[in-house]
Amino acid sequence: MSAITHTTALWYASRATGVVGLLLLSLVVILGILVNRQGRLPGLPSFAVTGLHRSVSLLAVLFVAVHVATAVIDPFVSIAVAAVVIPFVSAYKPLWLGLGAVSLDLIAALIVTSLIRAHLSRRVWRGIHWLAYAAWPVALVHSFMSGPDLRSGGFLALTVGCTLAVAGAAVWRLASTARQVPRAERAAVTLIRTRHHSRSGELARPARAGDGGAR
Amino acid sequence: MTRGATLPRPGPGQRPAAEGTLPGGRRGLPRLMPAEPVPIGLQAHLERFGPPPYRGAPRRLIGELEAAGLTGRGGAAFPTHRKLAAMATGRGPAPVVIGNGAEGEPASNKDKSLLWFSPHLVLDGLQLAAGAVGSPTVGLYVHRNSQLYDRLVAAIAERAAAGLDAAGVELIDAPPRFLAGEESALASRASGGLALPRFKPPRASQRGVAGRRTLVQNVETLAHLALIARYGPGWFRSVGTPDEPGSMLATLHQADGQMGVVETTLGTPIAELLRLPAQAVLAGGYHGAWLPGEQAEALPLANTALRPLGAAVGAGVLAALPADRCGLAETARVVRYLALESAGQCGPCFNGLPRMASALAELAGPRPAPQAQADLERWSGLVAGRGACHHPDGTVRLVRSALRVFAAEIDRHAHGYCTGTSSRPFLPLPAEAAIDDEDWR
């Protein structure tokens with residue numbers, strides 16, 4: 001590999017932030033699936049998973065923004081500003097950079113709708129959030145095909161690892177949906193699960209006279 | 001004053017509790033309730049009030065409601081005229097108007113009592129509100145399978161036969177759930193679905209029953225509206241305080257176990273309503289807050305006084321905790337009930353509330369695990385504001401007030417002592433929880 005000089009710095013910056021961006025986006029998708037299925041991470045309560053999903057999303061956006069900005073500024077290949085958001089108009093690798101633009105547009109839609117979520121109907125927000133399942137594979141193909149970085153060595157292992165992890169999370173989501181607790185029983189199930197933590201527990205027993213029964 | 005029907009649950013064959021259990025003597029009450037605890041039929045209603053005073057110009061009633069300062073009596077105390085004005089001026093198909101008589105709060109009995117004793121005042125208010133917002137579709141949302149339900153069917157039929165109503169009233173079944181009366185749950189149930197709270201937006205006022213704009217008003221608010229339409233804002237404001245005018249219905253739970261519904265004025269000292277001293281006073285029901293007994297003695301039943309203390313008038317529930325009960329044990333029972341009434345839709349609610357209930361049960365026991373209180377405080381911060389409806393927020397309000405007011409009791413439990421010498425439950429709770437989706441229908 002050649003040394004980093006003032007002419008190659010932007011190019012390296014773009015590639016590095018691209019790789020880290022992909023890694024973070026994979027993490028965001030996995031955390032999003034965990035949030036959706038009320039999944040837990042060791043040592044974290046489930047609401048902390050939601051917070052993590054949000055924070056990592058914003059971090060990923062930061063890396064993707066730097067990745068895109070450095071790619072455009074970098075004089076080594078000329079990428080028009082329009083090609084950043086309009087797919088398949090780039091003079092350089094139109095297809096693979098076009099996929100990047102598609103992914104960027106989808107991610108922008110996800111972030112914007114989440115930031116203004118309080119003003120949207122749940123259905124609209126949810127519908128747009130499903131686009132995450134399109135944004136991630138498109139970003140993966142863009143990353144893999146745009147440059148040679150990810151096709152060998154440790155980066156290849158990283159790419160395969162990300163793919164397996166996201167695919168695994170998706171399969172887990174489907175399985176988890178299939179065995180989900182019916183809505184009306186959810187609170188009772190949590191109550192029963194937490195009861196053994198309570199030493200005295202007398203008040204938590206369902207048979208207590210005059211008290212509501214969990215059944 | 002606080003005259004009015006003082007009664008247990010409404011129902012034929014049940015004699016109301018003795019009158020005169022409350023001190024006082026202010027003119028002009030009761031307004032909504034009959035002076036004698038006898039239900040007012042259509043004949044007596046028309047003799048007393050005359051037919052509903054329909055207006056040519058619907059805006060006039062809205063202006064009068066604004067001048068009267070009527071606020072919603074379902075708990076949120078939102079200005080009634082603003083809801084009606086938004087509905088009357090909004091675009092799109094004609095709105096739907098629903099009277100909300102689903103009183104899911106187990107400690108409250110005032111809406112059932114009002115519908116039992118003065119159904120025609122509520123039905124008048126429903127018609128007048130519908131007229132004011134130009135709605136031809138009117139519903140009344142009440143718990144099914146009760147004698148009250150049958151009486152309302154008969155009252156509506158009687159009015160239809162007399163040709164009193166401009167719009168036909170449809171009775172809508174409310175399931176016996178704590179959250180059934182939540183506005184979006186009502187809209188969902190009235191559309192034929194389950195009475196589950198929905199995420200907002202859209203609010204029911206934007207897209208409610210069958211996708212139409214929907215005005216939801218508590219039945220007591222409608223009864224006040226029917227009287228303001230007849231006697232005007234000046235009359236309405238002749239009782240109460242300038243900030244919170246008019247009368248209101250309150251459900252009182254005395255420390256001796258006696259329960260009653262009274263009509264009182266906003267601003268009435270709590271000490272005139274409850275027989276104090278008491279160990280503590282629960283204000284605003286199960287989404288309300290505990291107040292220390294001696295503090296409650298000095299307070300009026302008014303939001304201006306209660307809100308700075310983290311409490312509110314809410315739907316007018318006041319309960320005096322007897323000296324021989326443990327406030328922590330009572331709160332633990334209630335929070336467990338509230339947790340099981342979660343609709344199971346939002347993670348913070350159906351995961352957080354049962355955990356809080358368990359931790360509170362731990363605190364209510366002897367020598368609780370030391371981390372129980374810290375857990376409760378942490379979870380309170382994590383579930384508040386995180387649901388589709390205000391169920392987590394209301395539950396957190398109750399829990400936080402209990403930790404505050406019963407701090408000395410927590411200390412006693414840590415040393416193996418407890419104030420409670422009676423294990424008999426005090427605050428009323430229903431026996432049943434939902435077991436499947438059908439229990440929300």
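Residues are numbered from 1 along each chain as its sequence is written, and chains are lettered from A in the order in which they are written. Because the model is predicted, local features need pLDDT of at least 70 and side-chain atom pairs count only at pLDDT 80 or more, while totals for chains, interfaces and linings use all residues.

**Where domains 1 and 2 of chain B touch.** Here 12 residues of domain 1 are in contact with 15 residues of domain 2 (contact: C-beta atoms, placed from the backbone, within 7 Å). Select helix H4 (residues 110-117) of chain B, which gives the most to the domain 1 side, with 3 residues.

**The sheet.** Next, select the open sheet of 5 strands in chain B, in the order S6-S5-S9-S7-S8, with mixed pairing. Strands are DSSP runs of E, at least two residues, and helices runs of H or I, at least four; two strands pair if DSSP finds at least two bridges between them. Strands S6 (259-265) and S8 (289-292) of chain B each have a single partner strand, so one side of each lacks a neighbour in the sheet.

Zoom in on strand S5 (residues 247-253) of chain B: 7 bridges join S5 to S6(B), and the two run antiparallel. B:Ser247 stands opposite B:Thr265 in S6(B).

Technical notes:
Contact = placed C-beta atoms within 7 Å.
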